[in-house]
Protein chains: 2
Amino acid sequence: MLRTNTCGELNLDHVGQTVTLCGWIQKIRKLGGMTFIDLRDRYGITQLAINSETHEEFAKKVEKMGREWVIKVTGTVTERYSKNKNIPTGDIEIIVDAIDVLNESAIPPFTIEDESDGGEELRLKYRYLDLRRNPVKNNLIFRHKMGIEIRNYLNNIGFLDIETPFLIRSTPEGARDFIVPSRVSPGEFYALPQSPQTFKQLLMVSGYDRYFQIVRCFRDEDLRADRQPEFTQIDCEMSFIEQEDILNTFEGLMQHVFKKVKNIDIDPIQRITYADAMRLYGSDKPDLRFGMEFVELNDVMQHKDFKIFNEAELVVGVMAKGCAHYTRKQLDALTDFVRRPQIGAAGLVYVLCQPDGTFKSSVDKFYDQEDLKKVAQKAGAEAGDLILILSGKTEKTQKQLCELRLEMGKQLGLRQAGVYKLLWVVDFPLLEWDDETNRFYAKHHMFTAPKPEHEALLDTNPIAVNANAYDLVINGTEVGGGSIRIHNRNLQNKMFQILGFSQEQADYQFGFMLSAFQYGCPPHGGIAFGFDRLCSVLSDTDSIRDFIAFPKNNSARDTMVNAPAAVENSQLDELSIQIKK
Amino acid sequence: MLRTNTCGELNLDHVGQTVTLCGWIQKIRKLGGMTFIDLRDRYGITQLAINSETHEEFAKKVEKMGREWVIKVTGTVTERYSKNKNIPTGDIEIIVDAIDVLNESAIPPFTIEDESDGGEELRLKYRYLDLRRNPVKNNLIFRHKMGIEIRNYLNNIGFLDIETPFLIRSTPEGARDFIVPSRVSPGEFYALPQSPQTFKQLLMVSGYDRYFQIVRCFRDEDLRADRQPEFTQIDCEMSFIEQEDILNTFEGLMQHVFKKVKNIDIDPIQRITYADAMRLYGSDKPDLRFGMEFVELNDVMQHKDFKIFNEAELVVGVMAKGCAHYTRKQLDALTDFVRRPQIGAAGLVYVLCQPDGTFKSSVDKFYDQEDLKKVAQKAGAEAGDLILILSGKTEKTQKQLCELRLEMGKQLGLRQAGVYKLLWVVDFPLLEWDDETNRFYAKHHMFTAPKPEHEALLDTNPIAVNANAYDLVINGTEVGGGSIRIHNRNLQNKMFQILGFSQEQADYQFGFMLSAFQYGCPPHGGIAFGFDRLCSVLSDTDSIRDFIAFPKNNSARDTMVNAPAAVENSQLDELSIQIKK
């Protein structure tokens, strides 16, 4: 090794030792006759000290150096005169006996500091420099630890890590595939997997009964801020189990990971049905760090002349504890918030439960004190509280109130970093109807089994069929989801029919699955977690990009290597494809 | 869980317990009034017993069942009358109290036995059934364990598992890329990585100093029996190290893996230079389970009138201990062996050192007993030994004799399964010359550094330049290789020049690397192991395909899912490509 120690480990125990360190120059300072260098590596920062008078040649060498130069120094560990309590090595410094330049550095395009002066675009282009900054480095180390602990837990309970192929078959259902032209079979294409779904189910058919993989997946979708064309999934499947077994197994995984990586004992994971989640929070991924449950107000607000409420399918409110002091300005801002096009409410009704026991509302014209008292009672509001009310079509209104609830949670500081509320959302509908294409789509995916007791409804009222499908939600973010799968060939065929596949199409696309179901397919189910997402949620950040070493930008471009790029015509010729003008 | 136990764990300790098992029917036997079922799952086989007289309804149910049906049984663990010592559960059987069919099975297209009656093509098409067979299952479990132990070792010594992108930039150098058309950037393409080489080097630039990843890589090459278009690499890189540190670190990895997975303490890994390996074994990946080193015979065989030897650049032999008894027929077979077009020798000269101390040779016409004695002495042969000699151009003859040596090793039982000889081959040449394209190619890859002491030769005699490049060889198979990398921008530029890149091309293709080298790139190097290959070598098999759950066939086709396949025209339209007729 070129070094004897790292820049993060030396302390008073090492005083007097001769050590050799390698690293990057974080900072050079001159102080009287002394030159100090902060030397940085992955493990920390150590101060180097050079006496310019006794070691003039070193001081001269250093004069030519600058930020991010890579150097190697040998010296003696010495107790510092002025200690730095903020870093583990702050008690010591190295009195330099030899100093060598391993590599020079041009002046970096942005500062390599916790708070960089570089914009996101610049930092992505020079990602290899951005990766030197502590916040990014800590994220990648966090991800590494998460991976280790997830693997340990699953390995210890008998899950096998089995790799599935990346060059697979394109499926028109679901998101858009990335495809890969075949040279050997002109005119044919592989697809990159959106998930190993079919392969993990085939592994269950093969009897592997506990499978996992931390695996890259690909979706050619239009990107939002927090989406990437390639992302990593913790993909799991089990046989001879029921939904309860999966929920318990992966509750165990969460307990393990929180304990090992964050030293947090999480509470037993709450459960809520999809229907209740929509009714109480207007979301299938509610943030349970705070309550503020929805209160249906139809019965106490549809008896007067307020036409908007009377014509609404749903009148629904949330109670904001202790917010009766909200000013007109604040209430107007909330109204503006729900009126934003992304939310799209027509307006906001409020009821202030004033300290004196009277009520003030934006609809005082229609409702008297007695009416408002009933509203307050229903909402569980007391003097000093605020009730915020929306109305309209059920689903739309729930979604709007969901946004308002989250906004209020934020304003009231109820969505606290460092607090983690885990939630299983269960009993998802099997299907959803799409008006545009006039057909059913699978809510989870087309291999999800209906609840056995709902199977008969498939013929009579498919939209009413629920599935043993479940999502794991942490602090309002879906971090994973799965389902019990169909293991019966006839039921799978029926599902394909309901989704609009002809038998011919089903056989062409999924013949291998239908065939596999013929040869003794066990009951099975599974779950997949978004690894990037899980890391970000456990680190209290929104962006998955911060946990990916080399992410793409919002145009699916790697601006560092500049990919995608044009390729040589000879490559296209070999692949029997050409670019369409 | 649908079961209380697996089919591999019950023994006399469990007698009297009521258990529920799930699994596949391996076999049904009737014996007098009893029906026996061998029930199989991932963990083993357990015998179920049904008394047809007392439990007629069960016996009738079973009559309808067949091989590979999935059933669930509840019953009592009972000591067997006639024990089976070959399986861990052979002391007990389950007296069935309840039996349910979880799924039926059609008759499988081949037998699910250790020795199947199915041909390879059929087994690939129904891979999900082939995966049920013990030999394949054991391979995948072996691979899982290897993965766990490799990760544990590397994690424990501070390596970070960091994921690198799959959608990268195509590089014309090296093997052929798989490319992926971009929808967002029409006319542009991503490439799938042949290895994460550039990214892992950038991680070194970023200061991560110990990186690893077990990662899929892709090469669109014409497939040989043991190649796959997608394969898995154990990819590692370190900073602030020298070659010695890498060899030691990964010798440690091998010790760990052999101990943990095979309970074998391996010897310290021998080392040999590339030049010596070629000279002594005619191969850069010699099988050292046996000696039979090459002996150069130019000086003792080029003094007579044997024109073939006299005109040869190299006359070289191997000594086969105790093989003087080889019959004319056996010697002719060896001659035929080296004359096969794959090997291409013109002929084979032998010298039999007969038990009476005299010599017999195929070139007695040219060499007298004294000459042959000298040959024998040089070859270290004694009475009873056989010397086999080839001649011609040096490199070609070495390769031919290498094949003959391996064949003799096989014939003599010296290439023993269960014996593992690990070898570092070091000091590879940096470059190789290609007559066809009239240019140099990088022997390892273009980021490999010349040995510092050879750097000056780059200008005067590039072919003489050696690199700090190394391969790990086990039993004659290369399982990994790596090198110390260039970390200096000017040297990297010079390397690009030598490889025939114009500065413009170098900047266009590798501008990001050259740029990264400007900002403080540390000295670094690394290694990558073929994971599939490593698993196969440690299991004493030749085929990596046996260690891949869903491999492609020799036409790069997945015959199970039938990929690649045609895609919809709308997909091509979206990607701005079309198929060239």
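Let's start with the barrel in chain A: five strands close up in the order E1-E2-E3-E5-E4, with mixed pairing. Strands here are DSSP runs of at least two residues (E), helices are runs of at least four (H or I), and both are numbered from the N terminus. Two strands count as paired if DSSP finds at least two bridges between them. From one strand to the next, the twist averages 55°, with axes fitted to C-alpha atoms (for helices, over the stretch in contact) and angles running from 0 to 180 degrees between N-to-C directions.

Before we go on, remember that this is a predicted model, where local features need pLDDT of at least 70, side-chain atom pairs count only at pLDDT 80 or more, and totals for chains, interfaces and linings use all residues. Residues are numbered from 1 along each chain as its sequence is written, chains are lettered from A in the order in which they are written, and side-chain values use heavy atoms, leaving out hydrogens and water.

Strands of a sheet pair through backbone hydrogen bonds, either parallel or antiparallel. E1 (residues 18-31) and E2 (residues 34-41) of chain A run antiparallel and are joined by seven bridges. One place to look is Arg29(A), whose bridge partner in E2(A) is Phe36(A). Helix H1 (residues 56-64) of chain A lies across E1, E2, E3 (44-51) and E5 (92-103), at about 55° to E5(A).

Now for the meeting of the two chains. In contact (heavy atoms within 4.5 Å) are 128 residues of chain A and 128 residues of chain B. The area buried between them is about 11,100 Å², with carbon and sulfur atoms giving 57%; that is the accessible area (1.4 Å probe) lost on putting the two parts together, summed over both. There are 18 salt bridges between the chains, each a side-chain nitrogen of Lys or Arg within 4 Å of a carboxyl oxygen of Asp or Glu. Arg143(B) and Glu163(A) form a salt bridge, with their closest N and O atoms 2.7 Å apart. On the side of chain A that touches chain B, helix H4 (residues 134-156) gives the most, with 10 residues.

The chains also pair strand to strand: E23 (residues 577-579) of chain A and E23 (residues 577-579) of chain B run antiparallel, joined by three bridges. There, Ile579(A) stands opposite Ile577(B).

The peptide bond from Ala563(A) to Pro564(A) is cis, with omega near 0°.
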